[in-house]
Amino acid sequence: MRHGLGAIPRPLAFPILLVGALAAAQSSSSIQRPTWRDLVPIQSYLARHGVSSDTLHDVIDRTHAKNAARVREGDLDHLVFYALQSTRFTTRPPIEPALSAKALVESLHPEAHAAFLTGPSIPDVPVPAAVRSRIAELVTYLGPQRSDERAAFFRQLVHTAFPAARGREAALAREYVRVMRFLYRKEFLAPATARGTSDVHDLYRERGLSTDTAIEAGFVVHTGLAVLQALEPTRRVRRVLVVGPGLDLAPRTGLLDDASPQSYQPWAVMDALVSLGLSQLGDLSIVAADINPRVVDHLRRARGSPPALRLASALGVSDTVVMSPDYLDYFTRLGRTIGSETRGAGLRKVIQVSVDSARALVPAETLDIVTERLGGPGFDLVVATNIFPYFNDLELALAMSNIAAMTRPGGVVLHNEGRAVLGEITTDLGLPFEQARYVTIATIRGATAPLADSVFLHRKVTTR
Ligand SMILES: C[S@@+](CC[C@H](N)C(=O)[O-])C[C@H]1O[C@@H](n2cnc3c(N)ncnc32)[C@H](O)[C@@H]1O
């Protein structure tokens with residue numbers, strides 16, 4: 001998980017989106033749920049957390065349904081960020097979501113304030129006029145079919161989640177209020193408590209599943225792979241699994257909706273492997289697996305139609321942000337082995353992915369890593385960044401056991417989550433910690449710590 005400046009990364013109550021049905025219907029690998037016997041290495045950990053052979057099935061079922069609900073909630077979070085920031089459907093100025101949350105909460109009467117933030121349900125509160133106008137314009141805009149991928153997705157989401165046209169604006173206003181409550185708790189309330197970051201972490205374990213992604217995650221993975229290459233210059237990586245690759249549909253800040261949404265991570269991993277000499281394009285297959293069918297569907301299309309990746313640092317360039325030399329070097333080289341580059345101003349460029357590179361991306365899979373695993377041959381490398389913060393300890397233990405089962409003996413797992421439970425269970429799973437690196441991305445003038453991340457490398461033992 002990224003840290004510094006409080007920069008923490010960022011359901012089946014309604015019919016699953018059509019796009020999801022499409023991706024699921026095309027799924028090629030066998031997807032399996034773990035049995036109690038599969039979980040022998042962590043049975044005692046599970047038992048300490050109240051899971052037994054009798055209850056495992058129910059726990060997996062409930063978690064799967066909860067995660068599906070969190071996908072829906074995450075999609076609706078992105079819809080609210082789109083409604084506030086997009087300039088596609090309105091000439092009104094964008095509204096910064098966290099500032100909108102602050103203004104909304106501060107407009108409440110002190111008693112309503114406490115009930116709003118801590119009550120079990122979300123009370124009706126007045127939605128500002130500027131937000132209501134944007135919502136009304138968005139609903140009108142999403143009436144007809146839209147050709148850009150972002151608007152087409154949101155149209156489908158709105159029409160599926162709120163089928164009755166007459167109730168759409170009110171439903172979206174309720175979603176706005178729900179998202180503002182979460183944002184206020186995360187940005188203003190939790191950091192000010194004695195537990196601070198821990199409270200923010202707790203919020204992440206219950207929130208909707210965001211698909212946000214940024215190229216800084218690629219820098220972390222590149223650093224981990226460079227360590228691997230330095231330790232074993234002759235190692236070759238052929239089969240790779242990227243868990244939770246993400247899609248930059250409508251982030252909480254800095255929405256750029258002049259470009260189509262992108263999923264960078266599979267391409268960034270491919271580029272890192274080839275540039276470090278760990279892989280060759282013709283001999284590499286990368287499987288991306290994500291719980292969100294929208295991400296899977298996007299990547300399946302990208303395989304057939306190689307994207308022009310518009311790369312821009314999420315940090316932007318400013319007088320207060322000083323990128324580390326290593327990060328600048330990473331950004332300069334990023335993408336050169338997988339396509340042709342066009343430089344833009346500052347930290348911006350476009351990589352047109354080549355057909356050969358796109359061939360290395362095999363059809364993506366819809367997978368809940370907490371409750372499912374892929375059958376078939378093991379992977380040489382599994383990458384999972386900025387996904388574990390969404391899981392509580394039990395879910396993380398289940399996810400790691402699925403990852404361990406999919407990693408071939410001698411294979412490597414890279415992630416950026418430094419949590420105690422991983423130290424507790426990964427040795428038992430035959431996937432001990434081997435290396436860790438602290439990665440500085442930038443320094444920020446006036447901040448107490450740099451913007452940084454960590455990368456952890458585990459290797460699957462060969463004698464089990
Ligand atoms: C915050 S994004 C991170 C994207 C990317 N890995 C990165 O570091 O930029 C988390 C991704 O994990 C996916 N995800 C969340 N829970 C998941 C689960 N249980 N199984 C598989 N994917 C999941 C989300 O849909 C999303 O695409």
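## Salt bridges

A salt bridge here is a side-chain nitrogen of Lys or Arg within 4 Å of a carboxyl oxygen of Asp or Glu. (Buried means under 20% relative accessible area, exposed over 50%, and partly exposed in between, using a 1.4 Å probe and protein chains only.) By the salt-bridge rule the count comes to 28.

Before going on, a word on the model: it is predicted, so local features need pLDDT of at least 70 and side-chain atom pairs count only at pLDDT 80 or more, while totals for chains, interfaces and linings use all residues. Residues are numbered from 1 along each chain as its sequence is written, and side-chain values use heavy atoms, with hydrogens and water left out.

## Pairs within and between elements

Let's look at where some of these pairs sit. R333 and D329 meet through their side chains at 3.1 Å, N to O. Both belong to helix α13 (residues 325–333), where they are 4 residues apart, about one turn of the helix. R333 is exposed, with 53% relative accessibility, whereas D329 is partly exposed at 38%. Helices (H or I, at least four residues) and strands (E, at least two) are DSSP runs, numbered from the N terminus.

Another salt bridge joins the side chains of D393 and R419, at 2.7 Å from N to O. D393 lies in helix α15 (residues 393–406) and R419 in the loop between β11 (407–415) and α16 (420–425), so this pair ties together parts that are 26 residues apart in sequence. D393 is partly exposed, with a relative accessible area of 32%, and R419 is buried, at 10%. Elsewhere, salt bridges link E73, D77, E175, R178 and R207 into a network.

## Around the ligand

There are 25 residues around the ligand, and T213, G244, Q265, D290 and T385 come nearest; a residue belongs to this group if one of its heavy atoms lies within 4 Å of the ligand. By class, this shell has 11 nonpolar, 10 polar and 4 charged residues. Ala, Val, Leu, Ile, Met, Phe, Trp, Tyr, Cys and Pro count as nonpolar, Asp, Glu, Lys and Arg as charged, and the others, Gly among them, as polar.

Which atoms of the protein come up against the ligand's oxygen and nitrogen atoms? A polar backbone atom of G246 is 3.2 Å from a ligand oxygen, and a polar backbone atom of I369 is 2.9 Å from a ligand nitrogen. T385 brings a polar side-chain atom to 2.7 Å from an oxygen atom of the ligand. Taken alone, the ligand exposes 600 Å², and the protein buries 99% of that; these areas come from the Shrake-Rupley method with a 1.4 Å probe.

## A loop residue

N386 has a phi near 55 degrees, a positive value in a residue other than glycine. N386 is found in the loop between β10 (379–384) and α15, and it counts as partly exposed at 23% relative accessibility.

## The whole protein

The secondary structure comes to 16 helices and 13 strands. Of the 464 residues, 55% count as buried. The C-alpha atoms fill a box of roughly 65 × 55 × 50 Å, taken along the principal axes. The protein exposes about 19,400 Å², with carbon and sulfur atoms supplying 54% of it.

Terms used
A polar contact is a pair of N or O atoms within 3.5 Å; within protein, one must be able to donate a hydrogen and the other to accept it, and residues adjacent in sequence count only if both atoms are side-chain atoms.
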